[in-house]
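Hi,

Here's the model I promised to pass on.

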Amino acid sequence: MSRKRSVAAWTTAVLAAAALAGCAESDRDDDGSGGGGGDDGTFVFGAAGAPEMFDPFYATDGETFRITRQMFEGLLGIEPGSAEVVPELATEWESNEEGTEWTFTLRDDVTFHDGEPFNAEAVCYNFERMFDQNDAGQTAGEYWGYVMGAFSNDAENSLYQGCEATGEFEAVISTSGPTSGFPTMLTLESLSMQSPKALEEGDANGIAAEGEGFSFPAYADAPVGTGPFTFGEYDEANGSITLTRNDDYWGETAQVSEIVFRVIPDESTRRQELEAGSINGYDLPNPVDWAGLEEDGNSVEVRDPFNILYLGLNPEANPQLEDLRVRQAIYHALNREQLVQTQLPEGAAVATQFMPDTVSGYNTELEPYPYDPDEAKRLLAEAGAEGMTLNFAYPTEVSRPYMPDPQKIYEALRTDLEAVGINVKVSTASWNGGYLDNVSGEPGKYDAYILGWTGDYDSAYNFIGTFFGNLKDNDFGTDVMPWGKQLADDLKAADAIVDEDERGAAWEEINRQIMEEYLPGLPISHSPPALVVGPGVEGVIPSPLTAEEFDTVAVGGE
Amino acid sequence: MLRFVVRRLLQMLGVLLVLSFLVFVWLRSLPGGPVSALLGERQTEARRQALEQALGLDQPLPVQYVRFMQRAFSGDFGVSTQVLPGEDALDIFLTRLPATLELSFFALVIAIALGIPLGYVAARRKGTPLDTATVIFSLVGVAVPVFFTAFLLKYFFAVEWNLLPVSGRQSIGLDATRVTGLFVLDGILTREWDAAWDALKHLVLPSLALATIPFAVVFRITRASVLDVMDEDYVRTAEAKGLTARVIRGRHVLRNAMLPVVTTVGLQVGALLSGAVLTETVFSWRGVGQALAEGFLQKDYPVLQVLIMAAAAIYVLVNLLVDITYALIDPRIRTR
């Protein structure tokens, strides 16, 4: 290129850039400082993933619920720091004797973020909205389907039967029958109250199937609730979600002016961000980092365990497991005390049953199965199963609150099993890459597998009912066991008991039977997940349900 | 020339068509899928089947592929199931692309700015400790995994010395105007200098980490090429003519040695795209690479399909540009 042509090219480039610059205009406020946190600071939380969307009804994942929880409230709430059900938008509730009609007395001082009043009509509008979903909505509204069983097109199979506003601040919800899950399920984030006007204007139910996914209506990006924070913006390009304090909140207003959730997928990066002081906290720090984080002046907030890790056994895949003595032998072979001490975070406990002691219906009289390799060998010999082979699986590419490192847990269990003469054949698959399909398939593909569960709310059925309540479709293959149907029936019968004390006693008895007579799987441990906040952050109340509300959080100096 | 370009473009369409089928079949042949990602522990056989039916995943693969292509020809590549549920997969690519372009551009600039001078100096000082040191440096750069390099860079520059941000593209609370999605350029265009400076500071560490891949290649090609050219007859002739060392180095050695380097730089696009997957993940950089990583983890088929196809298209296009450049230089190629 000659010098002349080169100059011409540069001139053209500079002119083009200048023209583009002329088109671009700053949208900024005059001071140029932008957003900012207002008077009381900003709480910046490092999120492991981006939210799905902002309508909690269609949401399914913890990262979304963590955000929507700050903006929405349900009729019932959860006492911070526990799993106990407490009043939220409803101050009182009572049922008829049959447990089929529930009368809720509502707060009379609540307005939605858009100024619309919260009243009985709004409550019924919300329930009818959730109930009346199109095909796509029924698939996406997963939590409703899970707890209510069906939608309006299959009303007779739905737990929810209707809602009536019997006064300005009194609503009656009808159910098809008594269940321990109702009204506790109203603490679920998905069943939060949303502004009827905003739902209507944003065509909230206009969800549609498109290809292999769902397209969500405008409302899903502009949610309106009653909570202590209102929706600010989602900066997708920078991966941050901003919520602003609701100064008209009916309760005590939040301590900080803003919460920003920054999406930081990599855990070591979240830790470095905390160390650099650019975020104020993050969830699920790796247990091996807890001590180091504390030493650096951070505060590791450990939650009470509300989960269970178990060794699933599947007699459909391996008929030798139909023999109770074989299952007991495997249980005696496992040194769970050592596993808890070496592989799980501080505060983890050996499980005696399929639910943690924070759940109503926990049987305090059950003792842990003792670690006894000799007894394991004896039982195996008695059952004629010496040298049996177990196709034992663990998942990869996953970490759950109840199993921070599945491979290490598997290794510990495998060593114990081999020590009593069981041949272990290893199987692995990634969590989303076939593991769950193989476990939950009918029949399941693995003889033994590690899996767990974190409770949705304080309900025994949410644990043991999920595991064994559905005879034909559960991960433990209980339909081939002589007691499988009895267990499923007992669970349903207990779930329908209206009287709380009576129901609690029934749960305790079922827990005893499961552990002493049936032993469909082997409960291993309960692990306390933690979250960590940096120096100067106060007021975080760790929740067993990982349902922290950040309105009590203050961000000060060190 | 036009016929050459048209022929190559048609070939490219053919390549993309075949690739679309392969990617489609490959993704869906892998065990698991989006349903596991959506249901988690809540998955049961019945719920899995219901969801697969709702999403059309229960249909035979050829049927699914025909449906996909029918929609694709009308510009609909489906919506994301997990990365950003409900968002058009193509929109996700377009929204994320500027971040990756910005990062790749700066990484390439760093790689060239360091690789060419160092390669040249190493060649000129061949066999000296300086040569050995730079060769080792380039090897270490490419041999050490990007996530480890990134971890060290973040640890020292961001955590220990607090000079640069740990991750992300922009500081929280900075209200910057967006024009192109290239944050540094946006700051310049809107004359929001603090925003441009902030974006530039966020760019330094990720582009340094990503630059380690092309740097090694640029450095080694430059070094080898300069060594070759220095042995050429015309250099000896120039020396015999009594030209100054500066003229010989600038006009005869460096300029001729740059031809293979320029070609190599063009071909680094693929390496940059693959390197971006890790770099963007560890730097929370909301680009195509991070979306690709999320998509794989969550089995988001529509997003994966679009991103892989788009990456392939970019790669093929860059190769086409390289070929066109060759054709311009060497007329024999056009007739082949």
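This is a predicted model: local features need pLDDT of at least 70, side-chain atom pairs count only at pLDDT 80 or more; totals for chains, interfaces and linings use all residues.

Let's start with a helix pair in chain A. Helix α15 (residues 484–495) and helix α16 (residues 500–518) of chain A have axes that come within 9 Å and cross at roughly 165 degrees. Anything over 145 counts as roughly antiparallel, so that's what α15(A) and α16(A) are to each other. The crossing of α15(A) past α16(A) is left-handed. On the α15(A) side the contact includes Leu487(A), Leu491(A) and Ala494(A), and on the α16(A) side it includes Trp507(A), Ile510(A) and Tyr518(A). By type, the residues of this contact split into eight nonpolar, two polar and three charged.

Next, the cores. The largest nonpolar core has 97 residues, and Trp144(A) is one of those with the most contacts inside it, along with Leu75(A), Phe104(A), Phe118(A), Phe127(A) and Met185(A). Leaving out residues up to four places away in sequence, Trp144(A) touches, among others, Phe57(A), Phe131(A), Tyr160(A) and Leu191(A). There's also a second, separate core of 80 residues, with Leu344(A), Leu379(A), Leu436(A) and Phe468(A) among them.

Over in chain B, the axes of helix α5 (residues 89–124) and helix α12 (residues 288–298) come within 7 Å and cross at roughly 125 degrees. That makes α5(B) oblique to α12(B). Phe93(B), Arg96(B), Leu97(B) and Thr100(B) are the α5(B) residues here, meeting a set in α12(B) that includes Val288(B) and Glu294(B).

Cheers

Note on methods: Residues are numbered from 1 along each chain as its sequence is written. Chains are lettered from A and ligands numbered from 1 in the order in which they are written. Side-chain values use heavy atoms; hydrogens and water are left out. Axes are lines fitted to C-alpha atoms, for helices over the stretch in contact, and angles run from 0 to 180 degrees between N-to-C directions. Helices (H or I, at least four residues) and strands (E, at least two) are DSSP runs, numbered from the N terminus. Angles under 35 degrees count as roughly parallel, over 145 as roughly antiparallel, 65 to 115 as roughly perpendicular and the rest as oblique. A crossing is left-handed if the near helix is turned anticlockwise from the far one by less than a right angle, and right-handed if clockwise. Contact means heavy atoms within 4.5 Å. Ala, Val, Leu, Ile, Met, Phe, Trp, Tyr, Cys and Pro count as nonpolar, Asp, Glu, Lys and Arg as charged, and the others, Gly among them, as polar. A nonpolar core is a set of buried Ala, Val, Leu, Ile, Met, Phe, Trp, Tyr and Cys residues joined through side-chain atoms within 4.5 Å. Buried means under 20% relative accessible area, exposed over 50%, partly exposed in between (1.4 Å probe, protein chains only).
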